[in-house]
Amino acid sequence: MAFCSPHTTTSLRSPCTTIPNSGFRQNQVILFTTRSSRRSTTRHGARTFQVSCAVEKPIVIGLAADSGCGKSTFMRRLTSVFGGAAEPPKGGNPDSNTLISDTTTVICLDDYHSLDRTGRKEKGVTALDPKANDFDLMYEQVKAIKEGKAIEKPIYNHVTGLLDPAELIQPPKIFVIEGLHPMYDERVRDLLDFSIYLDISNEVKFAWKIQRDMAERGHSLESIKASIEARKPDFDAFIDPQKQYADAVIEVLPTQLIPDDNEGKVLRVKLIMKEGVKFFNPVYLFDEGSTINWIPCGRKLTCSYPGIKFSYGPDTYFGQEVSVLEMDGQFDRLDELIYVESHLSNLSTKFYGEVTQQMLKHADFPGSNNGTGLFQTIVGLKIRDLYEQIIAERAGVPAEAAKV
Amino acid sequence: MASALTNVSLSTFAPTARGDVLARPQVAAAAARVTFPTAYRGSGALSCRAGGPSTPSGISDKMSESIKEAQETCSEDAASGECAAAWDEVEELSAAASHARDKLKDSDPLENYCKENPETDECRTYDS
């Protein structure tokens, strides 16, 4: 709609389109025709394409989280930062799990289930179990996309529990694989240019699922609890260990601002950022590498109960050096958000206030008033910056990192 | 506890904030770059949410059926793979139900028409 910012759309323009080259346009046309005529000519098209413009090879992002832990919301924030809204593929299977925008394609890794619902029931395995997933195919197809080739990806239908006929996925600029196991298989993991893990504590997971399911017929507190508990052993064995490989982890915990809070309304959210990742410079508060505790509420900024508290500092996470930024509490007013944004550095924004603008744009998304929305937006900006630096490097132009 | 949790409000800072922003000099400079109308749009969507669409009955039936099935399966052996798989199916259907509700929420006929035909008169938007 009319609210789109021009800044985000220009930012992801690949250097290819800005280089004046009369031959390039022609190659693009060739590529387009060969792509649409599917497999027989794809290889030829891809070769022509690579010669003309190597930057079209996508960068691949992995996002891991349990079911019902905010992956969809994160994806909507992410694609918004990249510019444009993500939509399901037009004219395809209405139950497709894929989202496509101008720059980004997001696929759901459930599409690589090797056992459908009936098969899992018969064998007594959950979808969390690697045995229910085809990692060979996942690896093959993510690799193909990374090489700039189109794939015929299966579709797992979440309503029927069956595998539907495959859909054709073209290589985008940014390819996101989201699901339960993006970092489980070493081969797939090695293809990722950046990886994120959403780590939702049990208390918060319970609260979120109550919000999601309580109104549903048949569900009760007991059934929600039973479902979380029954899935937990597989979750702990196969999903949770992936967080050690993530370049960024968003941890969602109950607040410490309200003693013995068990409402799950106010959240404490940590953004754990790995140090030494190429093209990823962690965000910091006031002074890079120091340990900071900050309560922005006071004479300059009045906050409503229970207030807002930030902390930042170096730490170790699974034996690796990380920087951790933490926010406890929630924003009740715009000036709180803009005040906080103005005190954070290395945000990779294109202009002052971009984080605030993104948060306002999606004020109706869950978590827009707390650290989940803030840190998801920041990670989106960092990935945009990473993309631009990778493209600049491929094009042989020295990367100009965002300064703000 | 249950009622408190289901009542969780997604309160936004936006609508009340506008007056404050103008009153504060250090924020006024930034305000020029922040697109405000979105704030109103966001808060509008929130009020719609309260009476959001209900789950399509097909998924809803499947889900309540799967809950019953899971309870039965687990009454025999709560530690079995079958029990975990049964509750995993409940989770999958609950997530599918939630996504289906989101989809319904987004399916405004005019918005959909305008996505395809942004140039038509009824889809024009004007910046003030």
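1. Contacts along the chain. In this predicted model, 67% of the contacts in chain A between residues at least 6 apart in sequence join residues at least 24 apart. One such pair of positions involves Pro130(A) and Tyr184(A): they are 54 residues apart along the chain, and their C-alpha atoms are separated by 8.5 Å.

2. Surroundings of Pro130(A). Pro130(A) sits in the loop between helix 6 (117-123) and helix 7 (135-146) of chain A. Its relative accessibility is 15%, so Pro130(A) counts as buried. With neighbours within four places in sequence left aside, Pro130(A) is in contact with Phe135(A), His181(A), Tyr184(A) and Phe238(A).

3. Overall make-up of chain A. Chain A has 13 helices and 14 strands. Of its 404 residues, 58% count as buried. The accessible surface of chain A amounts to about 16,400 Å², and carbon and sulfur atoms account for 51% of that surface.

4. The ten-stranded sheet. Chain A contains an open sheet of ten strands with mixed pairing, in the order 2-3-6-1-7-8-9-13-12-11. Strand 2 (99-100) and strand 11 (292-294) of chain A are the edge strands, each pairing on one side only. Strand 2 of chain A pairs with strand 3 (residues 104-108) of chain A in the antiparallel sense, over two bridges. Across from Ile100(A) stands Thr105(A), in strand 3 of chain A.

5. Helices lying across strands. Helix 5 (residues 71-82) of chain A lies across strand 1 (59-64), strand 3, strand 6 (174-179) and strand 7 (194-200) of chain A, and runs at about 170° to strand 6 of chain A. Helix 13 (residues 371-394) of chain A lies across strands including strand 8 (248-254), strand 9 (267-274), strand 12 (308-317) and strand 13 (320-329) of chain A. The angle of helix 13 of chain A to strand 9 of chain A is about 20°.

6. Salt bridge between Lys209(A) and Glu91(B). There are 28 salt bridges over all chains. In one of them, Lys209(A) pairs with Glu91(B), with the closest N and O atoms 3.2 Å apart. Lys209(A) belongs to helix 9 (residues 202-213) of chain A and Glu91(B) to helix 6 (residues 81-106) of chain B, so this pair joins two chains. Are these two residues buried or exposed? Lys209(A) is buried, at a relative accessible area of 3%, and Glu91(B) is buried at 2% relative accessibility.

7. Salt bridge between Arg101(B) and Glu216(A). These two side chains meet in a salt bridge, at 2.1 Å from N to O. This pair also crosses between chains: Arg101(B) is in helix 6 of chain B, while Glu216(A) is in the loop between helix 9 and helix 10 (221-239) of chain A. Arg101(B) has 17% relative accessibility and counts as buried. Glu216(A), at 6%, counts as buried.

8. Salt bridge between Arg124(B) and Asp121(B). Both partners here belong to chain B, and the closest N and O atoms are 3.5 Å apart. Arg124(B) counts as partly exposed at 46% relative accessibility, whereas Asp121(B) is exposed, with a relative accessible area of 58%.

9. A salt-bridge network. Which residues are linked in a network of salt bridges? Asp66(A), Lys205(A), Arg231(A) and Asp88(B) are linked in this way.

How values were computed. Residues are numbered from 1 along each chain as its sequence is written. Chains are lettered from A and ligands numbered from 1 in the order in which they are written. This is a predicted model: local features need pLDDT of at least 70, side-chain atom pairs count only at pLDDT 80 or more; totals for chains, interfaces and linings use all residues. Side-chain values use heavy atoms; hydrogens and water are left out. A salt bridge is a side-chain nitrogen of Lys or Arg within 4 Å of a carboxyl oxygen of Asp or Glu. Helices (H or I, at least four residues) and strands (E, at least two) are DSSP runs, numbered from the N terminus. Buried means under 20% relative accessible area, exposed over 50%, partly exposed in between (1.4 Å probe, protein chains only). Contact means heavy atoms within 4.5 Å. Accessible areas come from the Shrake-Rupley method with a 1.4 Å probe; for residues, only the protein chains shown count as cover. Two strands pair if DSSP finds at least two bridges between them. Axes are lines fitted to C-alpha atoms, for helices over the stretch in contact, and angles run from 0 to 180 degrees between N-to-C directions.
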